[in-house]
Amino acid sequence: MPSPEGRGFARAAWEAFGESVDEASDALLETVFGRPLKGVAMGVLADQLGFWLLWHRFGGFEGLRRIGMPRTTIYRRVKTFRDLLGEHPDVYRLRGVTIELDERARPGS
């Protein structure tokens with residue numbers, strides 16, 4: 001055999017699979033977020049979407065302060081959110097996601 005990989009059939013199949021997954025995930029991200037997000041780590045994106053949900057659940061800046069999030073953290077996360085998704089979390093709408101808070105879930109209820 002020419003290498004430790006043998007003839008490379010398994011590796012070629014794996015690389016083709018990886019490329020198709022990358023293309024599909026890029027297309028999905030663009031469909032969901034309305035813009036390409038190539039090169040964005042999924043952990044960063046998940047963190048920002050969690051922040052977006054908390055922002056709406058607790059009523060924005062003051063609500064996040066009320067639950068103990070430091071001001072500097074909020075400012076930093078808002079900046080990162082804007083850099084990543086192009087809008088402030090207060091006005092950003094995620095395609096296909098609706099946040100419906102019943103009266104029991106509203107802050108102060």
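Me: What makes Arg77 count as partly exposed?

Reply: Buried means under 20% relative accessible area, exposed means over 50%, and partly exposed is what lies in between, with a 1.4 Å probe and protein chains only. Arg77 has 22% relative accessibility, so Arg77 counts as partly exposed. The model is predicted: local features need pLDDT of at least 70, side-chain atom pairs count only at pLDDT 80 or more, and totals for chains, interfaces and linings use all residues. Residues are numbered from 1 along each chain as its sequence is written, and side-chain values use heavy atoms, with hydrogens and water left out.

Me: Why is the pair Asp47 and Arg77 called a salt bridge?

Reply: The term requires a side-chain nitrogen of Lys or Arg within 4 Å of a carboxyl oxygen of Asp or Glu. For Asp47 and Arg77 the N to O distance is 3.1 Å, so the pair qualifies. Helices here are DSSP runs of H or I with at least four residues, strands are runs of E with at least two, and both are numbered from the N terminus. Asp47, with a relative accessible area of 35%, is partly exposed.

Me: How many salt bridges does the structure hold?

Reply: The structure holds 2. One of them joins Lys79 and Asp83, whose closest N and O atoms are 2.7 Å apart. Lys79 and Asp83 are 4 residues apart in helix α4, so about one helical turn separates them. Both Lys79 and Asp83 are exposed.

Me: Why is Ile74 called buried?

Reply: The relative accessible area of Ile74 is 0%, so Ile74 is buried. Ile74 lies in helix α4, which covers residues 71-85.

Me: Which residues is Ile74 in contact with, leaving aside neighbours within four places in sequence?

Reply: Contact means heavy atoms within 4.5 Å. On that basis Ile74 is in contact with Phe51, Trp55, Phe61, Leu64, Arg65 and Met69. Phe51 is 23 residues from Ile74 in sequence, and their C-alpha atoms are 9.0 Å apart.

Me: What is the secondary structure of the protein?

Reply: The protein has 4 helices and 0 strands, and the elements run α-α-α-α from the N terminus on. Of the 109 residues, 26% are buried. Among contacts between residues at least 6 apart in sequence, 57% join residues at least 24 apart.
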